[in-house]
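Please report on the strands, pockets and backbone details of the model shown here. Keep it brief and tied to the residues.

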Amino acid sequence: MNLLIEVINQSANPLPQYATEGSAGMDLRANLDSAITLQPLERKLIPTGLFMAIPQGFEGQVRPRSGMAVNKGITCLNTPGTIDSDYRGEVKVLLINLSNEPQTIEPSDRIAQIVFVKIEQAHITLVQQLNHTERAAGGFGHTGLQ
């Protein structure tokens, strides 16, 4: 199935595209006039220059790029970031520098990836009791280390 995403591109960057046939995400690039530096633990909202019309029943998930994380210690906050189908503003990426050194983002750098995912909206029903399961209320670590 091919999902049609209408995009306005106000950057000088190419449209997002899949790097390989098996890629799940498309790279998002920084739409910057000049390089910016993120200090250790500093976060910044980075514009992409992209505006999207995502069809109802889908969302765009903004996710970190593994290369940025391993090579620079930069990742996305609020991951995955959700772009709702009714949002028409600019797609921006919230980056944070988790390294101990300042890190530079250059214009057109690939800063994140976007994955389009089918979603379902839930209908919430108030009840007085939930059905029983074997796990019950077992939470974090309840199955042990093995």
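Ile74 has Asn97 of β8 as its bridge partner. The model is predicted. Ile74 belongs to a pairing of β6 (residues 74-76) with β8, antiparallel over 3 bridges. Strand β8 also pairs with β4: 6 bridges join the two, again antiparallel. Within that pairing, Lys44 stands opposite Leu95 of β8.

Is β8 largely enclosed or largely open? It is largely enclosed by the rest of the structure, because 6 of its 8 residues are buried.

**Thr48 in β4**

Thr48 sits in strand β4 (residues 43-53). Its relative accessible area is 1%, so Thr48 counts as buried; the cut-off is under 20%. The side chain of Thr48 makes polar contacts with backbone atoms of two residues. A polar atom of this side chain lies 3.1 Å from the backbone nitrogen of Leu50. The Thr48 side chain also reaches the backbone oxygen of Val91, at 2.6 Å.

**The four-stranded sheet**

An open sheet runs in the order β2-β10-β5-β7. It has 4 strands, and the pairing is antiparallel. The edges are β2 (26-29) and β7, each of which pairs on one side only. From one strand to the next, the twist averages 35°. Strands of a sheet pair through backbone hydrogen bonds, either parallel or antiparallel.

Strand β5 (residues 58-63) is joined to β10 (residues 110-118) by 6 bridges. Two facing pairs illustrate this contact. Glu59 has Val117 of β10 as its bridge partner, and Arg63 stands opposite Gln113 of β10. Strand β5 also pairs with β7, in the antiparallel sense over 3 bridges. There, Gly60 stands opposite Ile83. Strand β5 is largely enclosed by the rest of the structure, because 5 of its 6 residues are buried.

| Strand pair | Bridges | A facing pair |
|---|---|---|
| β5 and β10 | 6 bridges | Arg63 and Gln113 |
| β4 and β8 | 6 bridges | Lys44 and Leu95 |
| β6 and β8 | 3 bridges | Ile74 and Asn97 |
| β5 and β7 | 3 bridges | Gly60 and Ile83 |

The largest pocket holds about 370 Å³ of space. It is lined by 15 residues, and those closest to its centre are Leu3, Ile5, Tyr18, Met26 and Phe116.

Strand β8 gives the most, with 5 residues.

**Ala24 and Phe116**

Ala24 lies in the loop between β1 (6-9) and β2. Its relative accessible area is 54%, so Ala24 is exposed; the cut-off is over 50%. Ala24 and Phe116 are 92 residues apart along the chain, and their C-alpha atoms are separated by 8.5 Å. Phe116 is also one of the residues closest to the centre of the largest pocket.

**Backbone exceptions**

Most residues other than glycine have a negative phi, and most peptide bonds are trans.

The peptide bond from Thr79 to Pro80 is cis, with omega near -5°. Pro80 lies in the loop between β6 and β7.

Leu41 has a positive phi, near 65°. Leu41 is in the loop between β3 (36-38) and β4. At 60% relative accessibility, Leu41 counts as exposed.

Ser108 also has a positive phi, about 75°. Its loop runs between β9 (103-105) and β10. Is Ser108 buried, partly exposed or exposed? Ser108 counts as partly exposed, at 31% relative accessibility.

Terms used: Residues numbered from 1 in each chain as written. Predicted model: local features only at pLDDT ≥ 70, side-chain atom pairs only at ≥ 80, totals over all residues. Heavy atoms only, no water. 1 Å grid on protein atoms, 1.4 Å probe; cavity = no way out; pocket = protein on both sides within 12 Å on 5 of 7 lines; lining within 4 Å. Points joined across faces, edges and corners; volume = space filled by probe spheres on them. Pairing = 2+ DSSP bridges. Axes fitted to C-alpha atoms, helices over the stretch in contact; angles between N-to-C directions. Buried < 20%, exposed > 50% of the residue type's maximum accessible area, 1.4 Å probe, protein only. Polar contact = N/O pair within 3.5 Å; in protein donor to acceptor, adjacent residues only side chain to side chain.
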